[in-house]
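Please open the model in your viewer and keep the sequence panel beside it. The stops below say what to select and what is found there.

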Amino acid sequence: MTCTQCHREVDERWNFCCNCGARLHPVFSHRRLMRSATDSKIAGVCGGLAEYLNVDSTVVRLFWAILAVVPGGVVGGIVAYVVAWLIVPRATAPVSAPIAAKPTPAG
């Protein structure tokens with residue numbers, strides 16, 4: 001493997017170059033499971049889980065509905081949703097740009 005900064009050969013198992021100290025592998029972002037503020041039908045649990053797993057929220061909702069319909073899973077699916085609703089923190093709503101007031105015609 002070649003360092004992107006100093007262009008010297010380094011072992012691919014290393015995280016940093018021993019010659020210049022540059023990071024060799026990308027830093028992984030730490031994701032947190034949070035209830036969605038934008039993609040929510042009831043409490044945002046499925047939307048937040050979909051954002052965390054990086055899948056479509058419809059897939060998560062269908063899975064949760066199937067879990068709630070399966071015999072013996074009705075209580076489990078509903079109870080799990082309520083517990084997730086209580087435990088998982090709500091994500092902050094994205095801040096939108098302020099809406100400019102429309103100019104009124106002079107007259």
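Start with the whole chain, coloured by secondary structure: this predicted model has 3 helices and 0 strands. Read from the N terminus, the order of elements is α-α-α. Now colour the 107 residues of the chain by accessibility; 21% of them are buried. For contacts, take pairs at least 6 apart in sequence: 29% of these contacts join residues at least 24 apart.

**Stop 1: the segment before helix 1**

Select His7, which sits in the segment ahead of helix 1. Is His7 buried or exposed? His7 counts as exposed because its relative accessibility is 59%, over the 50% cut-off. Its backbone also deserves a look: phi of His7 is positive, near 60°, and the residue is not glycine.

**Stop 2: the cysteines**

Next, show the cysteine side chains. How many disulfides does the model contain? The count is 0. Cys17 is in no disulfide, and the nearest cysteine sulfur to it, that of Cys6, lies 3.6 Å away. Cys17 is buried, at 3% relative accessible area. Cys46 is buried as well, with a relative accessible area of 8%.

**Stop 3: helix 1**

Cys46 leads on to helix 1, so select residues 45-53. Buried residues in helix 1 are Val45, Cys46, Gly47, Gly48 and Ala50.

**Stop 4: the loop after helix 1**

Move on to Asn54, in the loop between helix 1 and helix 2. Asn54 follows helix 1 and has a positive phi, near 60°, although Asn54 is not a glycine. With a relative accessibility of 67%, Asn54 counts as exposed.

**Stop 5: helix 1 against helix 2**

The crossing of helix 1 with helix 2 is right-handed.

Which residues form the contact between helix 1 and helix 2? From helix 1, show Val45, Cys46, Gly47, Leu49 and Ala50; from helix 2, show Ser57, Val60, Arg61 and Trp64. Coloured by class, this contact of helix 1 with helix 2 has 6 nonpolar, 2 polar and 1 charged residues. An α-helix has 3.6 residues a turn, so residues three or four places apart point the same way. Keep that spacing in view while looking along each helix.

Val45, Cys46, Gly47 and Ala50 take part in the contact with helix 2 and are also among the buried residues of helix 1.

**Stop 6: Ser57**

Finish on Ser57, which is in helix 2. Ser57 counts as buried because its relative accessibility is 8%, under the 20% cut-off. Which residues does Ser57 contact, leaving aside its neighbours within four places in sequence? Show Asp39, Gly47 and Ala50: Ser57 is in contact with these. Gly47 and Ala50 were already on screen, as residues of helix 1 that meet helix 2.

Technical notes: Residues are numbered from 1 along each chain as its sequence is written. This is a predicted model: local features need pLDDT of at least 70, side-chain atom pairs count only at pLDDT 80 or more; totals for chains, interfaces and linings use all residues. Side-chain values use heavy atoms; hydrogens and water are left out. Axes are lines fitted to C-alpha atoms, for helices over the stretch in contact, and angles run from 0 to 180 degrees between N-to-C directions. Helices (H or I, at least four residues) and strands (E, at least two) are DSSP runs, numbered from the N terminus. A crossing is left-handed if the near helix is turned anticlockwise from the far one by less than a right angle, and right-handed if clockwise. Contact means heavy atoms within 4.5 Å. Ala, Val, Leu, Ile, Met, Phe, Trp, Tyr, Cys and Pro count as nonpolar, Asp, Glu, Lys and Arg as charged, and the others, Gly among them, as polar. A disulfide is a pair of cysteine sulfur atoms within 2.5 Å. Buried means under 20% relative accessible area, exposed over 50%, partly exposed in between (1.4 Å probe, protein chains only).
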